[in-house]
Amino acid sequence: MLLFIEQAILGILFLHSPAHSYFNLTITKPLQNMQATHISYQLELKHPFAIARFSRTTTPLLLLKLEHEGQLGYGEASMVPYMGESYETANAFLSKVDWNRFKAPFDFQEIITYLDSLDAGQPAVKAAIDIALNDLNGKLLGKPCFEIYGADPAKMPLTSYTIGIDSPDVIKEKILDAKDFKVLKIKLGRDNDRELINTIRSVTDKPLYIDANQGWTDRKAAIETIYWLHEQGAVLIEQPMDKNDLEGNAWITGRSPIPILADEAVQRLGDIDKIKGAYHGINVKLMKSAGMFEAHQMILKAKSLDMKVLIGCMSETSCATLAGIALAPLCNWADLDGPWLTKNNPFKAPELVEGRYQLNNLPGLGLEGINANLFYP
């Protein structure tokens, strides 16, 4: 009888949630010091998102809520298919976590060491935990995350708007969607790269960040394309060749007129030493770095090696995007456009003014517009 009543209550809450068609609810048991709740959420993209090797229209997410000492911390795992994570793997990982071992003030080095001991992989769900704990930490301390990490809001870089590979008409439509952005990030890596750039240049002269997504296979053809892209206003190039082709990427880096950044070739902190000298810089993404703490370490490590840093994102809501925004002033460039590429972001979008995010002084991430029915209770 008790189980029937619980199911009925959950059914009523589920039906009254505006986002009920997008997520399934999982409630973990309340723990002594911390309560954890997570839901699966299907993020819908405004346009099909195509890169060199695949295309998709949705991204599965896990949204996490932690409650401790009357404060709430929110986190997010964006589980893009090629990274190998899913709601099932994330749920299995969360079932291993002993939430009682996390005591405020949080020791984030101890936390990531512990999470890595549970599974060497799963960076996205680890990022959800890290982001939620950082949000909670800021609220318990009464400080914004950007202040805790020493980021100066006055140094916020422009952020780009990503345009995936598509037909000329859809490309032009996406450029119209990007009217509030000063920089465009362009996905290349197929045999129509120049046609796509020519289409973009027929309607805008905004600077371009280029992401080849390992799509180029001939280094000489690649460097010729890079020189041409430089003439077209390209500012940087991400991952021109296969991530495992260190020598080929280094050959391009040594000849490129603009910075060449490692993306797929760098996931976690330990990868930076492996690619040192082969790239001018790195693309840090919280879903690869297992969250804010290690992303911050990666930024500092790259700077110590005189490497430049782009902070990027996957398909994300405002939650994970705000975590990236808190670190963005520490970086050379930003590509944090997740909420602008989706149709069902469940939170208020971060404030964007003249192409730059505006940091608020709210403690933690500064996440706003949280629907009371999104999580239970």
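Reader: What makes α6 oblique to α7?

Author: In this predicted model, the axes of helix α6 (residues 168-177) and α7 come within 10 Å and cross at roughly 45°. Angles under 35 degrees count as roughly parallel, over 145 as roughly antiparallel, 65 to 115 as roughly perpendicular and the rest as oblique; α6 is therefore oblique to α7. The crossing of the two helices, α6 and α7, is right-handed, a term for a near helix turned clockwise from the far one by less than a right angle.

Reader: Which residues make the contact of α6 with α7?

Author: From α6 come P168, I171, K172 and I175, and from α7 come E195, L196, T199 and I200; contact means heavy atoms within 4.5 Å. These residues divide into 5 nonpolar, 1 polar and 2 charged. Ala, Val, Leu, Ile, Met, Phe, Trp, Tyr, Cys and Pro count as nonpolar, Asp, Glu, Lys and Arg as charged, and the others, Gly among them, as polar.

Reader: How many bridges join β6 to β7?

Author: Strand β6 (residues 183-187) is joined to the parallel strand β7 (residues 208-211) by 4 bridges. Pairing requires at least two bridges found by DSSP, so β6 and β7 pair. Helix α7 (residues 193-201) packs on the sheet, touching β6 and β7.

Reader: How are residues numbered, and which confidence limits apply?

Author: Numbering starts from 1 along each chain as its sequence is written. As the model is predicted, local features need pLDDT of at least 70 and side-chain atom pairs count only at pLDDT 80 or more, while totals for chains, interfaces and linings use all residues, and side-chain values use heavy atoms, leaving out hydrogens and water.

How values were computed:
Axes fitted to C-alpha atoms, helices over the stretch in contact; angles between N-to-C directions.
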